[in-house]
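Colleague: I have the sequence and the model open and would like to go through them with you. Can we start with the overall picture and then move to details?

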Amino acid sequence: MKRNTLIGLAAAAALVLGGGYWMLQRSSVPASAPAASAVGGSAPAGKPALTVEVVHATRGSVPLTLGASGNITAWQEAIVGSQSNGLRLAELRANVGDWVKKGQVLAVFAADTVNADVLQARAALLEAEAQAADARSNAERARSIAGTGALSTQQINQFRTAEKATAARVQAARAALSSQQLRQGFTRVLAPDSGVISSRSATVGAVVPAGTELFRLVRQGRLEWRAEVVGQDLARIRSGQRALVTSNAGTSVEGTVRSIAPTLDPAKRVALVYVDLPGGTDNGGLKAGMYASGQFILGEADGWLVPQTAVVSRDGFNYVFAVSPQGRVLQRKVSLGARQGELVQVLEGVDGEMPLVRAGAGFLNDGDIVRVTRAPAVAASAASAPASAASQP
């Protein structure tokens, strides 16, 4: 019994001595030096929350734009109708989509009856001219013997009256002939201006009354964009400004502001801005009747530019994350301006010396530790971004 007790005391003493030696050895080991940060300085203790790339803001200019949408319509649409009454449509020489020139024949009416009327009117004119010549001759003889007493004054006046009456009948016959010749010209329907045929309602063989619509023509092939702009933005738009209209195919077509409507729609509270678009094959596939979006180019703004991926929106505000030399991120509130392509203008909150988290900042919080993988990158110049991608926040 006494022997077992001595053995237990010896074992406990050995454990105490071993533990004390282990603690002494642990306290004698120096702490390891902190790892150096990729951007210089000493890294703070702790595990990095994210591995990031950094970028510096650069100075540049971006276009200021104003977005809008509206209908694509014809600049002016001419209605080509029939001026003849009761004639049969014999021939059509134009179809929808055809480009026609001013004065080109679009349709022809059967002219048999009109030609006969012209011949009749010409014969009536010849008859009236013959009667007028005879009356003029009689009046001249009567005047030559007026002082001899061979004819009475009443007879002489009758010859003079017949001369004037027959001359008037000649004028009436000439007017009738001109009217019939005009009707004869109406049997050929001519294009009032150069342009594109947008619709055709004429049918061969139809007998149409005067005034019936036969064709519709987009004058000179010109289109316009009728953009709807709210009242408070109208003061920013001027005649002659450039505008970019995006077609359904995704191509951008440049136009010019021609005029601004003097009144607003009382229901929508918007005004129409008329933008001239190029015609022909240069309109980027735009067609009358399309609904298109576009942007007005209002000018340019100079400032600091950063990638849009570097900006984080939280609680209604915009932030960027700057990286300190120790690898800790600092959340900075910024004010944004215009956007162009992948870049965004920062009005205040950054400078060119500040390294910013390029992407993934949405996963960070103020004070987090990050690991930077490479040296700070430089943001692309605003001049390299396509102007067609400009937008207004």
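Modeller: This is a predicted model, and in it the protein chain exposes about 22,300 Å², of which carbon and sulfur atoms supply 54%.

Colleague: And how much of the protein chain counts as buried?

Modeller: Of its 393 residues, 34% count as buried.

Colleague: How many helices and strands are there in the protein chain?

Modeller: The protein chain has three helices and 24 strands. If you take the contacts between residues at least 6 apart in sequence, 77% of them join residues at least 24 apart.

Colleague: Let's look at helix α3, then. What should its 34 residues span, and how far apart are its end C-alpha atoms?

Modeller: Helix α3 runs over residues 153-186, and at 1.5 Å a residue it should span 50 Å; the end C-alpha atoms are 50 Å apart, so the two values agree.

Colleague: Which residues of α3 are buried, and what covers them?

Modeller: The buried ones are I156, E163, T166, V170, A173, L177 and Q180, and their cover includes α2, residues 112-144.

Colleague: Switching to strands: what is the order in the open sheet of four strands?

Modeller: The order is β4-β11-β9-β6, and the pairing is antiparallel. Because β4 (77-81) and β6 (99-100) stand at the edges with a single partner strand each, one side of each is left without a neighbour in the sheet.

Colleague: How many bridges join β9 to β11?

Modeller: Five bridges join β9, residues 195-200, to β11, residues 213-219, and R200 stands opposite F215 of β11 in that pairing.

Colleague: What about β20, which strands is it joined to?

Modeller: Strand β20 (residues 343-348) is joined by four bridges to β16 (residues 291-307), running antiparallel, and W304 stands opposite V346 there. Four bridges also join β20 to β19 (residues 329-340), again antiparallel, with S335 having E348 as its bridge partner. In the hairpin of β19 and β20, two residues lie between the strands, and G341 takes a positive phi near 60°.

Colleague: What does L277 touch, if you skip residues up to four places away in sequence?

Modeller: On that basis L277 touches I72, L223, E224, W225, V245, G255 and L286.

Colleague: One more, Q241: where is it, and is it buried or exposed?

Modeller: Q241 is in the loop between β12 (223-230) and β13 (242-246), and it counts as buried because its relative accessibility is 14%, against a cut-off of under 20%.

Colleague: Which backbone atoms lie by a polar atom of its side chain?

Modeller: The backbone oxygen of R236 lies 3.4 Å from a polar atom of the Q241 side chain, and the backbone nitrogen of R238 lies 3.0 Å from a polar atom of that side chain. Leaving aside neighbours within four places in sequence, Q241 is in contact with R236, G255, T256, V257, I297 and L298.

Terms used:
Residues are numbered from 1 along each chain as its sequence is written. This is a predicted model: local features need pLDDT of at least 70, side-chain atom pairs count only at pLDDT 80 or more; totals for chains, interfaces and linings use all residues. Side-chain values use heavy atoms; hydrogens and water are left out. Two strands pair if DSSP finds at least two bridges between them. Buried means under 20% relative accessible area, exposed over 50%, partly exposed in between (1.4 Å probe, protein chains only). A polar contact is a pair of N or O atoms within 3.5 Å; within protein, one must be able to donate a hydrogen and the other to accept it, and residues adjacent in sequence count only if both atoms are side-chain atoms. Contact means heavy atoms within 4.5 Å. The expected span of a helix is 1.5 Å times one less than its number of residues. Accessible areas come from the Shrake-Rupley method with a 1.4 Å probe; for residues, only the protein chains shown count as cover.
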